[in-house]
Amino acid sequence: MRLLLRTVKPYKALVAATLAALLLDVAGTLYVPTMLAGMINQAVSSGNTDFIASQGLKMLIACCCASGGALLGNYLCARLASYVGRDIRNAVYDASLAYSGGDFEEFGTGSMITRTLNDVNVIQQTVMLATQAMLPVPIICVMGTVLSFRIDAQMGAMMLAVVSVVMAFAVIAVRRAAPIFEKMQGFIDRMNVVLRENIIGVRVIRAFGKERHEEGRMGRVFNDYADAAIKVNWIFAGVDCFSFCLMNIAEVLLMWLGGNRVGVHAMEIGNISAVVEYAMLIMFYIMMAQFVALMVPRAIVCLQRCAEVIEKKPGIVDAPAPVVADGPRSDTEPVAAFDHVSFRFPDADEDTLHDIDFSCHRGQTTAIIGSTGSGKSTIAKMLLRLHDATDGSVLFAGADVRSMAQRDIRERIAYVPQRAWLFSGTIASNLRDGRADATDTEMRHALDVSQSDFVWGLPERLDAPVAQGGTNFSGGQRQRLAIARALMKHADLYVFDDSFSALDFKTDAALRRALKPETRNAAVLIIAQRINTILHADQIVVLKDGRIVGKGTHGELMEGCEVYREIAESQMKGGE
């Protein structure tokens, strides 16, 4: 609830205006039966038409006030709820951007999508409905009961008893619904994960003939959610039946007691209609509040889930006074360096990287090669400070990356990820992710260097559409576009994380030749699986099980590193 109060706090004026509109609605609504009772009493005793006309005019004014208050209140409620939903969604998204790789994996992609979309929608709807249906309940209960006591003490006591029974039942229903709603949100997380896996991996599912297996897996997840939803609907049905039954019983009891009180001249006959109307209004508001109250446990669970994301402290944060590194002062000083670095994932039993020690110099190409799982990509992520070293230090431009601002580091590194990911939009919009003010001429040059000649064969060229993830292009085309995006940046360090794997040998060689003059004033780090990609690197680092087992040029490693020689011989005839 702290998250909700913190989010609503900037909108105090809007909350006050909303409450004032709802109060006007309730006051006008309760004023109508009071005027009606006076009209009936006057008509029975004297038949004074002037009085009846004046009371009727007051009733009309009260109705207009109530209707205006209801209309304005609904508008303000919707406005307040939309602001709350927007701010919480932005807060969740902003918090996720500050997470390290391990922080994000703690929640998972499916859960993050649910928290950002479904959970916030539930909170927004509940805020709107609760403001409209629940906030007026205490006001109308108190005012209706007080007005009933003013008419007759026994009628007021009966009204108080009925209201107490209904409120007690509402509390019981809400407490029973709360744990079910908590389970439902977990089921939605699971449904998101399973659906995402099936949609993305539909070709793999068909290729292996696993349709029936996946249908069964999805069916189990959907059935779990359906069972929980049915239980909640049973609670809704019970609340509905009980409320309507109690409304009718309360009406009969009030009519019976009111008749007796009129018979002993304790009250006038018109007052019976007023008390009955008070009771019906109170019961109606309580019944509506009960439906909304059943949403409150779910909204509370959603608030807690959003708060977990917002309040989680990122594992990697900037130093209180970040250092601004001015870059290598000479060609001998490295752009980036690993100084006896070891790294262990938070949930791991042993280090993934052990005593990594090498440096990347301006104008030189450093390559890292090793078997799958040897920790090559982890090294790239440590340079970007997506992970922090467990021991030792990662240096960039002469400063420890932990002492620098993350934005400063990433602005000076151009990174091509292992999985070439493009964003929905156009080719130009993706290239401008590298530099927002890039001109068409600069983008054409980057595309030419990255061997993306296929772009010029598209009808729209730079304005050609890009699907989410770049799925409307082949793997090699995506990699070349991702490389072009990195080249848009005038970086101190270019990191290519297995970014040539989908290219044929001819394109690979042509791309590397074109990259040489483009990156002559920067350091280049290539992470690769293929020997031919790194043959001419100035320095090759060989990893095995997270340890450096060789370091040198291709010729030096062929002579002195058995692991490298085995990789080379497995890929090239005779190692040549």
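This is a predicted model: local features need pLDDT of at least 70, side-chain atom pairs count only at pLDDT 80 or more; totals for chains, interfaces and linings use all residues.
A residue counts as buried under 20% relative accessible area, as exposed over 50%, and as partly exposed in between.

Leu57 sits in helix α3, which covers residues 49-97.

## Salt bridges across the sequence

Side chains of opposite charge can pair when their charged atoms come close. Searching the whole structure turns up 15 salt bridges. One of them joins the side chains of Arg6 and Glu311, at 3.9 Å from N to O. Arg6 belongs to helix α1 (residues 2-8) and Glu311 to helix α11 (residues 296-311), so this pair ties together parts that lie 305 residues apart in sequence.

How accessible are the two partners? Arg6 has a relative accessibility of 44%, so Arg6 counts as partly exposed. Glu311 has a relative accessible area of 40% and is therefore partly exposed as well.

## Salt bridges between sequence neighbours

Now turn to helix α17, which spans residues 505-518. Here Arg512 forms a salt bridge with Asp508, and the closest N and O atoms are 2.8 Å apart. The two residues are four positions apart in the helix, so about one helical turn separates them. Is Asp508 buried or exposed? With 0% relative accessibility, Asp508 counts as buried.

Salt bridges can also be linked to one another in this model: Arg362, Arg412 and Asp492 are joined in a network of them.

## How two helices cross

Two packed helices are described by the angle between their axes and the distance between the axes. For helix α15 (residues 440-449) and helix α16 (residues 475-487), the axes come within 8 Å and cross at roughly 130 degrees.

What does that angle say about how the pair is arranged? Angles over 145 degrees count as roughly antiparallel and those from 65 to 115 as roughly perpendicular, and α15 and α16 are therefore oblique to each other. The crossing in which α15 passes α16 is right-handed.

## Positive phi values in a loop

Which loop holds Gln451? Look between α15 and β8 (465-466). Gln451 has a phi near 60 degrees, a positive value in a residue other than glycine. At 18% relative accessibility, Gln451 counts as buried, because the buried class covers values under 20%.

Arg461 is also found in the loop between α15 and β8. The phi of Arg461 is near 55 degrees, again a positive value in a residue that is not glycine. Is the side of the cut-off that Arg461 falls on buried or partly exposed? Arg461 is partly exposed, with a relative accessible area of 44%.

Notes
Residues are numbered from 1 along each chain as its sequence is written. Side-chain values use heavy atoms; hydrogens and water are left out. Axes are lines fitted to C-alpha atoms, for helices over the stretch in contact, and angles run from 0 to 180 degrees between N-to-C directions. Angles under 35 degrees count as roughly parallel, over 145 as roughly antiparallel, 65 to 115 as roughly perpendicular and the rest as oblique. A crossing is left-handed if the near helix is turned anticlockwise from the far one by less than a right angle, and right-handed if clockwise. A salt bridge is a side-chain nitrogen of Lys or Arg within 4 Å of a carboxyl oxygen of Asp or Glu. Buried means under 20% relative accessible area, exposed over 50%, partly exposed in between (1.4 Å probe, protein chains only).
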